2 protein chains.
Amino acid sequence: EDLGYFSAYAHHGIHEEMLKDKVRTLSYRRAVMSNAAVFRDAVVLDVGCGTGILSMFAARAGARRVIAVDMSDVVYQAMDIVRENKLEHIITVIRGKVEEVSLPVDKVDIIISEWMGYFLLFESMLDSVLYARDKWLTPNGHMFPNLCSISLAAVGNVSKHQEHIGFWNDVYDFKMSCMVSIVEKEAVIETVGKDDIMSNSAVVKELDLKTCSVTELDFSSEFLLTACRKGVVTAITGFFDIRFDKDLQEPVSFSTSAADTPTHWKQTLFYLREPIPVCQGEVIRGNVQVLKDPKDPRSLLVTLSVNGRTFNYTMD
Amino acid sequence: EDLGYFSAYAHHGIHEEMLKDKVRTLSYRRAVMSNAAVFRDAVVLDVGCGTGILSMFAARAGARRVIAVDMSDVVYQAMDIVRENKLEHIITVIRGKVEEVSLPVDKVDIIISEWMGYFLLFESMLDSVLYARDKWLTPNGHMFPNLCSISLAAVGNVSKHQEHIGFWNDVYDFKMSCMVSIVEKEAVIETVGKDDIMSNSAVVKELDLKTCSVTELDFSSEFLLTACRKGVVTAITGFFDIRFDKDLQEPVSFSTSAADTPTHWKQTLFYLREPIPVCQGEVIRGNVQVLKDPKDPRSLLVTLSVNGRTFNYTMD
């Protein structure tokens, strides 16, 4: 299954989409360039370097040496790109799994990585980043980014719910209701309109990248959401926030919330088979559990309880 | 590689997209229901049945027996769907490759199939349809659809060309020009705006499904396109037209051209590395060659010559 994961990243389209996501790429650039003092003369490790853009930001900010690692065949492009920009005296591109590769240095001062998947944890690349941290980061080293959080909010859009769930009850005058039980179990990646947000957001997980462990990535959390208007909650949306702010002069952050500029991560939607009507100010009580699928560690199993009703989802 | 092909069709999302493509699904429904006389008491084979929607149209039109075959795991849903609609006395759903399966009948009167891929021939499911025809269709039998054509037209959209090709020359102040040689070789699936059409369309291949052979699916053809306005040709678009009209009282057809309602097939775009300026009325001379990739028969190799310049593309 890892073969499929890495070969998907060999295709340029996925890198094009990530590069063209300006919220993502400009945040990384600002985090690096506005904090060039931290990068000056530093040894930097770029985990999952893709086309090498983050390594080049680090080199331009004054890094002494940058080691860029990726298991996908895109590294061969990264090698060409580094040469094209005459940065091969600073950036060393290595093809391999972080867990298996030998680095030409013993320790690194900074680990930079854009490892975030849908709903933050989908595809589990963070495991590799934490492995690299434990093996190579100096005690006073920096993680870029250093802080991430996952949040939930209520969403109300009856026509999208109908399109997604109700659709199967009448497909060109035929019934396909048996599809509902398959469709409803799947988390959906979709941009939520600002007007569809029905509640405040609740942080359900915070990860300090300098200290967290892989075991913390399976978690369970209670949450409370307060409806900001009367309506029908048709889904719970999940998103994440990213911060570059530990010991930095110029903190940088970005959000993948529906209230902010859309990114290529969009939002993650957990549709509720039966929508929940709420009044303005009503509190929705819930619990969320996120686990790696033991059968496929790059997939996630998400269990949501909302006002006592439990829904199970997969992301694969 | 076939494993990947069939497992992609196991996911409901792809079937949802196809069902929600009304140009596609309503054309099939109209072709069947408006020609119910042809279906009355007929034995029908549905090749690549997916959720079984075409089989149910055939059953509702009066077919005596429908055999629905698909190699993807979606057949298990198709079986449930057939039962849900109380059509199991007419429709038999069989999991298997058309090339390997045994049918409970010797001959069929009608083969219905929605086998079309991007640029008509991508993914080569037509090979299986022709195999089924040669093995099971009675001499006076009907193919639904019975006639398909592939056409080309010139497209001019300088800003999309810049976004697709020029982008790589300046990515956040870095050069990634080495990506151009990868990107330009790939056919792009994209909806072309009506205003971007720069010429008439030229049919480069016509396929009579009742008589054509698999060897005809590799082809080469000259074409002439006349510019309908002064401008810059930045790509050649490919699309296809589908007809249900052989010996039918009520002919039905649909087109995936940029001039018509968009479908889930969108259009196929072959970007030209160097755009070609043209005057109104100018004739663009070209040749197109379409071959199955010997290394992966579900992929296509497309070679376009436009005004003497040759460009190579892959669809995989």
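In the predicted model, chain A contains an open sheet of five strands, arranged in the order β3-β2-β1-β4-β5 and paired in the parallel sense. The edges of this sheet are formed by β3 (91-95) and β5 (137-144) of chain A, each of which has a single partner strand, so that one side of each is left without a neighbour in the sheet. When direction is ignored, neighbouring strands of this sheet are turned against each other by 20° on average. Strands of a sheet pair through backbone hydrogen bonds, and the pairing may be either parallel or antiparallel.

Within this parallel sheet, strand β1 of chain A, which covers residues 43-47, is paired with strand β4 of chain A, which covers residues 108-112, and three bridges connect the two strands in the parallel sense. One residue can be followed across this pairing, since A:Leu45 has A:Ile111 in β4(A) as its bridge partner. Helix α5 of chain A, made up of residues 53-60, lies across β1, β2 (65-70), β3 and β4 of chain A, and its direction makes an angle of about 175° with β2(A).

Another sheet of chain A shows the antiparallel arrangement: this open sheet has four strands, and their order is β9-β13-β14-β15. Here the edges are taken by β9 (219-226) and β15 (309-315) of chain A, and because each has a single partner strand, one side of each is left without a neighbour in the sheet. From one strand to the next, the twist of this sheet averages 20°. Strand β13 of chain A, with residues 283-293, and strand β14 of chain A, with residues 296-306, are joined in the antiparallel sense by eight bridges. In this part of the chain, A:Gly286 is placed opposite A:Val306, a residue of β14(A).

Some backbone features of the loops may be described next. In chain A, the peptide bond that joins A:Phe144 and A:Pro145 is cis, with an omega of about 0°, and A:Pro145 is found in the loop between β5 and β6 (147-155) of chain A. In chain B, a cis peptide bond with an omega of about 0° joins B:Phe144 and B:Pro145, and B:Pro145 is placed in the loop between β5 (137-144) and β6 (147-155) of chain B. A further feature concerns A:Asp247, which has a positive phi of about 55° although this residue is not a glycine; A:Asp247 belongs to the loop between β10 (231-244) and β11 (252-255) of chain A.

The contact between the two chains was also examined. In the model, 37 residues of chain B are in contact with 37 residues of chain A. The size of an interface is often given as the accessible area lost when the parts come together. Between chain B and chain A the buried area is about 3500 Å², and carbon and sulfur atoms give 66% of this area. On the side of chain B that touches chain A, the elements that give two or more residues are α2 (12-20), α3 (22-33), α5 (53-60), α6 (74-84), α8 (158-164) and α9 (180-183) of chain B. When sorted by class, this side of chain B has 17 nonpolar, eight polar and twelve charged residues.

Over all chains, a search of the whole structure finds 22 salt bridges. Among them is the salt bridge of B:Asp80 with B:Arg83, in which the closest N and O atoms are 2.8 Å apart. Both B:Asp80 and B:Arg83 lie in helix α6 of chain B, where they are three residues apart, about one turn of the helix.

Methods: Residues are numbered from 1 along each chain as its sequence is written. Chains are lettered from A and ligands numbered from 1 in the order in which they are written. This is a predicted model: local features need pLDDT of at least 70, side-chain atom pairs count only at pLDDT 80 or more; totals for chains, interfaces and linings use all residues. Side-chain values use heavy atoms; hydrogens and water are left out. Contact means heavy atoms within 4.5 Å. Buried area is the accessible area (1.4 Å probe) that two parts lose on being put together, summed over both. Ala, Val, Leu, Ile, Met, Phe, Trp, Tyr, Cys and Pro count as nonpolar, Asp, Glu, Lys and Arg as charged, and the others, Gly among them, as polar. Axes are lines fitted to C-alpha atoms, for helices over the stretch in contact, and angles run from 0 to 180 degrees between N-to-C directions. A salt bridge is a side-chain nitrogen of Lys or Arg within 4 Å of a carboxyl oxygen of Asp or Glu.
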